[in-house]
Amino acid sequence: MEKILNYINGELVEPKNGKYLDNFNPSTGKPYSLIPDSGKEDIDLAVEAAKEAFITWSKTPKQNRSDILMKLADTIEKHFDELVKAESKDNGKPETLAAHVDIPRAPANIRFFAGAILHNSSQMHEMDGAAINYTLRQPVGVAACISPWNLPLYLLTWKIAPAIAAGNTVVAKPSEVTPMTAYLFSKICIEAGLPKGVLNIVHGLGSRTGDPLTTHPDTPIVSFTGGTVTGKHIASVTSPMFKKLSLELGGKNPNIVFSDADFDKAVSFASRAAFTNQGQICLCGSRLFIQEEIYERFRDALVAKASKLIVGDPSEASTNLGAVVSKEHMEKILNKIDLAKVLGGKIILGGDRKILDGNLKDGYYIQPTIIEGLPFDCEVNQEEIFGPVVSIIPFKTEEEVIEMANSTKYGLSASIFTENLSRGHRVAAAIESGVVWINTWLLRDLRIPFGGMKESGLGREGGFKSLEFFTESKNVCVKI
Ligand code: NDP
């Protein structure tokens, strides 16, 4: 079985303890590679290498840093097909989705920050001829970048590209559930000539590698994307150390459809927002609020549309939904569906595991599931499920839907469908979330600061905000 290796100081190396974990292919339910079960000793080596590399990298001219990032992006594209297959095999998602979203967005992230670092500017304030104040932005040191399993390469590059562009060096810990694309990426870094130690990738469990990384005295920046519970833990251990911290966490995102919406467009987006990537995107619209006048017609149209989605072999071009990421995650989702029934919800589509044929029979497939009849404030409508499950809830008025939409502890994203321009802006302003889309979903502009309110996160990443986050600002006052 193929052995994944850590990437430390420019080399692919075994974990110091020699231990490995099984890496499962969710579409077959079988292990297909081994992943290092790394520990503190590997993190220490990686941080040491990154610290050493920082001395040169932080002084490397921006143009040179940009050039090497561009080369990394080109090299990713050279290995495009291999990465698409690896992402699908590791994660269970359809290859078509990996080919259209995850893998193309990795070089796009890297190219964006390779350009941004050349065009970044800083502020200057002049004091009526007495003095000038300017803000100097300087790289900080070794950044700890921790990423989840749902969009593995995309979210890894979203963090390491701005960190490296800004002159920091990085120790990254990808999710142990989906390590393969990060491993291929470490080979790509070697091929592209990234100087040794600038990026280090250590694989392993959150508790054994994540903790030593986030609490290491020589990692002054921590950028984490993952669940709210893990985010709380990381905040609790890093805050007393006064680290720069960015948290991109979970969501229970409302998708609000007013009766004046473009009906077909809203149905289509509601289905995409609920089921893309088997519902495992932090921005998925898992609570669908439909105005009463169109409730029944909309519900029936959504059921008709979603019932045509094909759950199947991720390598088939016709497949819409592949497997969910792991057996544990599948069981968690199915338990939440059972809870919905107990709480009085009616399953109007799906609701079960889907068993496929042949070597896919043990894969972790779940039917697209639509639930109606649950109160907006019950557990199923308040907690993130992170699977192909959407709960539909009728509403009467704008005020009522705003209250229900804002009722969760999360505040990551929201979508509003209406042809009434004033209402769109009004509701967007009233919704407590870091991102609001009007008449669309998941339309990302990399220049826009991204992040969540409430328990969905802390800070904003994206665009020049990421470059701000990955630098320390110093204000210099010069007396004239
Ligand atoms: P987790 O919080 O379980 O894990 C995220 C990462 O943190 C993994 O690499 C994990 O490693 C690691 N980790 C776990 N424990 C620790 C620890 N004590 N210290 C440091 N690192 C640790 O999230 P999931 O991987 O399950 O990802 C799904 C979650 O991510 C969902 O809640 C989703 O909403 C959220 N998410 C948020 C996004 C956003 O931008 N707001 C985007 C995408 C996802 P390991 O896997 O080894 O446990």
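**Entry: ground rules.** I am working on a predicted model, in which local features need pLDDT of at least 70 and side-chain atom pairs count only at pLDDT 80 or more, while totals for chains, interfaces and linings use all residues. Residues are numbered from 1 along each chain as its sequence is written, and side-chain values use heavy atoms, with hydrogens and water left out.

**Entry: salt bridges.** I took a salt bridge to be a side-chain nitrogen of Lys or Arg within 4 Å of a carboxyl oxygen of Asp or Glu, and by this rule the count comes to 27. Aspartate 300 takes part in one of them, with arginine 299, at 3.0 Å from N to O; arginine 299 is buried, with a relative accessible area of 18%. I also noted that salt bridges with shared partners join Asp260, Glu398, Arg423 and Arg426 into one network.

I then looked up arginine 111, whose side chain meets that of aspartate 74 in a salt bridge of 2.8 Å, N to O. Arginine 111 lies in helix α4 (residues 95–119) and aspartate 74 in helix α2 (residues 62–78), so the pair ties together parts that are 37 residues apart in sequence; helices (H or I, at least four residues) and strands (E, at least two) are DSSP runs, numbered from the N terminus. Arginine 111 counts as partly exposed at 26% relative accessibility, and aspartate 74 counts as partly exposed at 45%.

Glutamate 191 is partly exposed at 38%, whereas lysine 78 counts as exposed at 60% relative accessibility.

**Entry: a charge without a partner.** I found aspartate 42 in helix α1 (residues 40–57); aspartate 42 is buried yet has no salt bridge, and the nearest side chain of opposite charge, arginine 208, is 6.3 Å away. For charge, Lys and Arg count as positive and Asp and Glu as negative, with His and the chain ends not counted. Leaving aside neighbours within four places in sequence, the contacts of aspartate 42 (heavy atoms within 4.5 Å) include Glu14, Lys16 and Val202.

**Entry: the sheet around β13.** I read the order of an open sheet of seven strands as β15-β18-β19-β14-β13-β21-β22, with mixed pairing, two strands being paired if DSSP finds at least two bridges between them. Its edge strands, β15 (346–349) and β22 (435–438), each pair on one side only.

Strand β13 (residues 253–257) pairs with β21 (residues 413–417) in the parallel sense over three bridges, and asparagine 255 stands opposite serine 415 there. Five bridges join β13 to β14 (residues 285–291), again running parallel, with phenylalanine 289 as the bridge partner of isoleucine 256. Both faces of β13 are covered, with Asn253, Asn255 and Val257 buried on one side and Pro254 and Ile256 on the other.

**Entry: cysteine 284.** I placed cysteine 284 in the loop between α9 and β14, where this residue is buried, with a relative accessible area of 5%. Beyond four places in sequence, its contacts include Asn253 and Trp441.

Key. Buried < 20%, exposed > 50% of the residue type's maximum accessible area, 1.4 Å probe, protein only.
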